[in-house]
Amino acid sequence: MNKNYTGIDYFRFIAALLIIAIHTSPLGSFSETGDFMLTRIIARVAVPFFFMTSGFFLISRYAYNNSKLWMFVKKTALIYGVAMLIYIPINIYNGYFRMDNLLPNIIKDIVFDGTLYHLWYLPASIIGATIAWYLVRKFDYGAALIMTGILYFIGLFGDSYYGLSEKIGILDGFYNLIFQISDHTRNGMFFAPIFFILGGLIADNRHKIEFRKSICGFSISFVLMFIEALTLHFCNLQRHDSMYIFLLPCMYFLFNIILHFKGKRIIWLRTSSLIIYIIHPMMIVIIRLFAKLLHLENLLVDNSIIHYLIVCLSSVAFGIATTVLWNKYRPKKVRYDNDTDRAYIEIDLNNLEHNVKTLRKAMPPKCELMAVVKAQAYGHGAYEISTHLEKIGVRAFAVATIDEGISLRKYGIRGEILILGYTSIDRASELKKYNLIQTLISFEYANALNRQGVMVNAHIKIDTGMHRLGIPSADFLDVEKVFTMKNLNVCGIFTHLCCSDSSMPDDIAFTRGQIDGFYNLIDHLKKSGINIPKLHIQSSYGFLNYPELKCSYVRTGVALYGVKSLPDDNTELLLDLCPVLSLKSRVVLIRQIEKGDSVGYGRSFVAERSSQIAILPIGYGDGFPRSLSNGNGRVLIGQYIVPVIGRICMDQLAIDITDVEGIAVGDIATLIDTEGCTNLSVDVVAKNSNSISNELLCRMGERLPVIIKRQ
């Protein structure tokens, strides 16, 4: 969500002015019908917009902890508490505290209705966000929309359609019971949740509706809402006029329109809009008092348009002034945040998308991309990578362990998840619970898993010569028997090509033999009358060197992340793939050393001249190999490539910056680069450490935070 949604910022301000209109009736002294159209139809988009905006930034099925919701609840509760305190004098003046059954009514107002007429929005936000969050987490958007839609439908008949329900005795009794708890069904229970979910749905659905289609959809929905509202009004069916059937599609299309307006974010407008919303009833009171003292009621109060404009101007002025003062005197943030103050992994999601598109374009028709996201997505961050992949349409994932698969489900992933490795048969119920696909690593394993009595989705692994996992490709009868096991739903068969990255003639011949052995098995199964499930043979190099194979999936690991295992690897299929990951750290100390001084453990580096060194708080504990010590490793800082000196420690390393100018504490050093510095590409760094990219990447990510590159 690092994009600049300028349209949201501007519409926050518009929505705040529309809410002032609701509470001042700008056309009230000129046209009752016109004022109804403005305040009870047009302006009704304001509060749902605020709910949807909060949902857009908060509600996501890809959220995997409750901290984001808790932060929202705490912040909103704090604002609500301050607002209630501000309006205590007005409540005293209005006689609020002299009402009957004071304590129960105060509790009711705090929880549902607000202690002043406009403050209901804040508890509604807390309740609505909480309901929406947990429904999306537990049931996904489809079921969550249905359930909140039912709540909204119930609310309709206590609001705009109450004139129908009050004529039916059982319904009238039901709503009267509700009204003892809350004055309106326009609250956090019935009204707010569906708009939070619509906002989250739009955020998760990365490909927005086209602008022209959004305009068309909004126009039709808005006209229908106008007709609906006027019909209800003239039939005198409304108890309160906040909830309409066509408000839902109207808001969905309107929000999509707003998202098409992008540019520089206007943070102060967001803050001032909230202040305008909170403070405008106070301005109404002040202006009415001022008009009474100066005997200007005819001008400033009775003239509804002028009254509205004066309230708007005073509220806006107060909001902007308060925002300016807040920005001036609030505690200043440090120049970088806690996620990047030491060392971090930076991923470029644009490059990831580019790689997905490039791979898909090269794949045969009807072949799907299966994203291999084991080992924290090769060190890139399983959450960040897998959630973004699913947003752009990837529907199949592969992991190494059941716990990795469960984590993906908790991240909100709904696509197929294949466990490539071993899972204890004792965890069969978890395989079913989280809808995971288990690899059958041998006939004996399949038999044991079947005896657990739990229906499990599975792919059969075939050993075609790697002799690691799988049923040997020549054991036709064992494979046939697996298909008869009543508790195993075999939905795939696959093998692994163990030397598909090699261009040596013997290795090519061996790979061809593996492929032939796999398809001989498949032909036998067909002749035996077995319905063949989905097939997959190729991993990244299997696809790049044998692209002619037609399977159901291509399992993409390193290729998905835009790297080669080693820089000298050549493939038959040459694709324009872009690296996704950069590894960065910050300078925390600059030190001057003299000729003859040593640096690091074992005194393995001794300065041959007076030198300046910089310390980076990253080491082999973060996955940066110790074998890159003593000049084997290089780092980009400023525009210069400088050597790693001395031995790399678990948590620190030193670089020589003697010949580099302008380096200061806090500057960023790049250890692995994505932007054209071939000396620091993953495969080159891996080769210099006597390893391969796969290992180097997978060793990172346990301690390092993953940061999404801002465009």
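Here is a short walk through a few parts of this predicted model. Residues are counted from 1 along each chain as its sequence is written. In this prediction, local features need pLDDT of at least 70, side-chain atom pairs count only at pLDDT 80 or more, totals for chains, interfaces and linings use all residues, and side-chain values use heavy atoms, with hydrogens and water left out.

H15 has 26 residues and reaches 37 Å from its first C-alpha to its last, close to the expected 38 Å (1.5 Å times one less than its number of residues). Several of its residues are buried, including Ser 304, His 307, Tyr 308 and Gly 319 (buried means under 20% relative accessible area, exposed over 50%, partly exposed in between, with a 1.4 Å probe and protein chains only). Among the elements covering the buried residues of H15 are helices H1 (6-24), H13 (267-293) and H14 (297-302), where contact means heavy atoms within 4.5 Å.

Now follow H13 to Leu 293, which lies in this helix. Is Leu 293 buried or exposed? Leu 293 is exposed, because its relative accessible area is 63%.

Finally, look at strand S7 (residues 471-472), where you will find Pro 472. Pro 472 counts as partly exposed because its relative accessible area is 36%. From Pro 472 to Tyr 601 there are 129 residues in sequence and 50 Å in space, C-alpha to C-alpha.

Methods. Helices (H or I, at least four residues) and strands (E, at least two) are DSSP runs, numbered from the N terminus.
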